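Here's a quick briefing on a two-chain model, meant to be read with the structure open beside you. Have a look first, then work through the points below.

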Amino acid sequence: MANTGTPLVEMRDISIAFGGIKAVDHVTIDLHPGEVVGLLGHNGAGKSTLIKCLSGAYKADAGEIYINGSRAEINNPRDARNYNIETIYQTLALADNLNAASNLFLGREIVGAGGTLDDSAMEAETRKIMARLNPNFRKFNVPVSALSGGQRQSVAIARAVYFNAKILIMDEPTAALGPQETQMVAELIQELKKQGLGIFLIEHDIHAVMDLCDRAVVMKNGQRVGTVNVNEVTDEDILGMIIMGKKPAQAV
Amino acid sequence: MTDTPTHAPQSTDAQPGPIARFIRDTELDTRMLGMVGALLMIWCVFHFYPIIANLLSGNGLNFGLGLFITPRNLWNLSVQTSMTGIMATGMVLVIITRNIDLSVGAIVGVTGMAMGIMQVNVLPPILGLGNPMIWIVSVLVGLILGALIGAFHGWLIAYRGIPSFIVTLGGMLVWRGFAFLSADGKTIAPMDTTFALLGGGPTGSVGAVGSWIVGALGCIAVLWILSAGRKSRRKHGFPLRPNWAETVLALLGCGAVIGSVLVVNAYTWPKGIVDAYVKANPDVVVPEGGLEISTGFAIPVLILIVVGILMTILMTRTRFGRYVFAIGGNPEAAALAGINTKWMTLKIFALMGMLAGLAAVISAARLNAATNALGTLDELYVIASAVVGGTSLAGGVGTIYGAIIGALVMQSLQTGMVLIGYGDGSYRMIAVGVALVLAVYLDNLYRQKTK
């Protein structure tokens, strides 16, 4: 890969512990524009924890984050958003009692005269983006608790895409989806990649990783086993890294 | 189920009945309609109970026995509801964010005492008795003290991680204790004369002309809301309500406003107060048959209306309100969306405390005295009002108007029990307790059915 320029994101030597357990132990990863980097590992390997340090949900105990080569202070989700980092959480992080538009704009509402919410404008914008992402989506005026898993997922994705993200974190974005919707997400990832976004993809499905990712980082017990260029290795190599922690020759 | 008779397939889905169509086109909240219906039913039961009881005991039909739906009772009801209603609007926010505030009654007590001491013992020697600044400073002291106490509770809850139930249970005891200590248990009276007007009463009301002005403003507001909503929908190409539905809504809204003006204006000053008024103003010409002075809206009721409007705007039209709902729906998601949930919790409790201070203003003014027992058990009626009004204890759901209607329902039950001769506290408590549980049960059924 010709990833010679300044990385979009570089997380250097990140460590975070919860009550003496090292959830993430001196891990370094990077991400370039237009690249999809897969994060793999068992449940509890520390993938989500690592990525939450980037999205501002957790604060790392040690280590540094660089965005476009300069040191970034990310202390909370708002900081992360200011660096154009958007996250699709595994839990989707939707407020079930609010409708799609309210969720999409949560924390970044469109306000009109006198600082009052402009709900109509937000709904209109939501209709626009949903028409692109999920043309079958019709339920704009009901709480998202009334939506199907796939519809909820598309709201969460719309929220991440709408605000011109440069760095996108997707934590198992297809876990709740049927085959057709999974295909839609795959196409979306390809499209966003073409637009020059950098994407971290946490994924359990090896085939999805092989299809979508440029590089894969494998973690085990909080540590990084290795990083591979996906087109240089086989499924078995990656599985060996995940299960045995065995680093193939091509890995760095 | 072979023994069930087979019906022809009903076409209700394709062709909704007139009521369903009416509700669909007017977009009225069915839950609110249900609550208003229940309220009117309660009123009718209390009104007709003595009439029917009299008829059944063989004394004939006498409609004069119905006391509930009379201008006088409805006016009293409105004043009595204002204190609980004001606090219930704040409790909605607290409960939506999955918290509870058991300390509001005690905050009423301690802020009431603080305001009493300010205007009776502290300020008159400094400013001179009757200085118009006295009531203003006193009210501000009450509001600020209430807000500070609430903020302190909120800080303990949000930043120190103590459950709100415990913090405010402690607060209930602590602030009631301070209310007693502040004047060694003595009652402080009388209040400043301007301050006392805030409690309502015939002189603390705005009269016929004032009420018509309020009514006119109300009608203008109804029409403005409808037309602004229509304009906004047209701008974004959303479907409009049919014209007839807009007309019905305008008529219903303005009708309710004008109706309430007629009711409060039909309640005239009691004879004793008129006599005192005539004595104090010798140049008033008393017409034949006595002087009739319309009372109009009481000031505390106007305060409740203003608080209700402001709180509704806060909850539905501002980021603050949106965040309150988001925190209630999913606290974790709210935090991940960049909302400072701890700071929000602190602000919500501060607001609740300030509203308790405002309720204390009305309470002390109405009594024309500050006592350390002011607001005792109010927390329970306030929580009950919010819950009867549709606020879900699971969080995330609730409306301001619902809480105010809830307060009206609770107050109607209390007043009604007195009017039909069960004024003894024990019967009243039983009625209110049963109503609370029943209301929440019916609400559960409603929610399951509409899901």
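In chain B, 7 residues of domain 1 are in contact with 11 residues of domain 2; contact here takes C-beta atoms, placed from the backbone, that lie within 7 Å. Bear in mind that this is a predicted model, where local features need pLDDT of at least 70 and side-chain atom pairs count only at pLDDT 80 or more, while totals for chains, interfaces and linings use all residues. Residues are numbered from 1 along each chain as its sequence is written, and chains are lettered from A and ligands numbered from 1 in the order in which they are written.

- Domain 1 of chain B covers 31–50 + 65–203 + 300–450, and domain 2 of chain B covers 206–297; the bounds come from an automatic or database domain assignment.
- Taken over C-alpha atoms, the centres of domain 1 and domain 2 of chain B are 25 Å apart.
- On the domain 1 side of that contact, α3 (71–96) and α11 (299–317) of chain B each supply at least two residues, and α3(B) gives the largest share, 4 residues.
- That domain 1 side has 6 nonpolar, no polar and 1 charged residues (Ala, Val, Leu, Ile, Met, Phe, Trp, Tyr, Cys and Pro count as nonpolar, Asp, Glu, Lys and Arg as charged, and the others, Gly among them, as polar).

**Where chain B meets chain A**

- Across the two chains, 23 residues of chain B are in contact with 22 residues of chain A.
- On the chain B side, α8 (207–235), α12 (319–329) and α13 (331–336) each bring at least two residues, with the largest share, 6 residues, coming from α12(B).
- By class, the chain B side splits into 10 nonpolar, 8 polar and 5 charged residues.

**The sheet in chain A**

- Chain A has an open, mixed sheet of 6 strands, ordered β6-β7-β8-β3-β9-β10; helices (H or I, at least four residues) and strands (E, at least two) are DSSP runs, numbered from the N terminus, and two strands pair if DSSP finds at least two bridges between them.
- β6 (85–88) and β10 (223–229) of chain A are the edge strands, each pairing on one side only.
- β3 (residues 36–40) and β8 (residues 198–202) of chain A run parallel, paired over 4 bridges, and Val37(A) sits opposite Phe200(A) in β8(A).
- Helix α6 (residues 179–194) of chain A packs on the sheet and touches β3, β7 and β8 of chain A; its direction makes about 150° with that of β8(A) (axes are lines fitted to C-alpha atoms, for helices over the stretch in contact, and angles run from 0 to 180 degrees between N-to-C directions).
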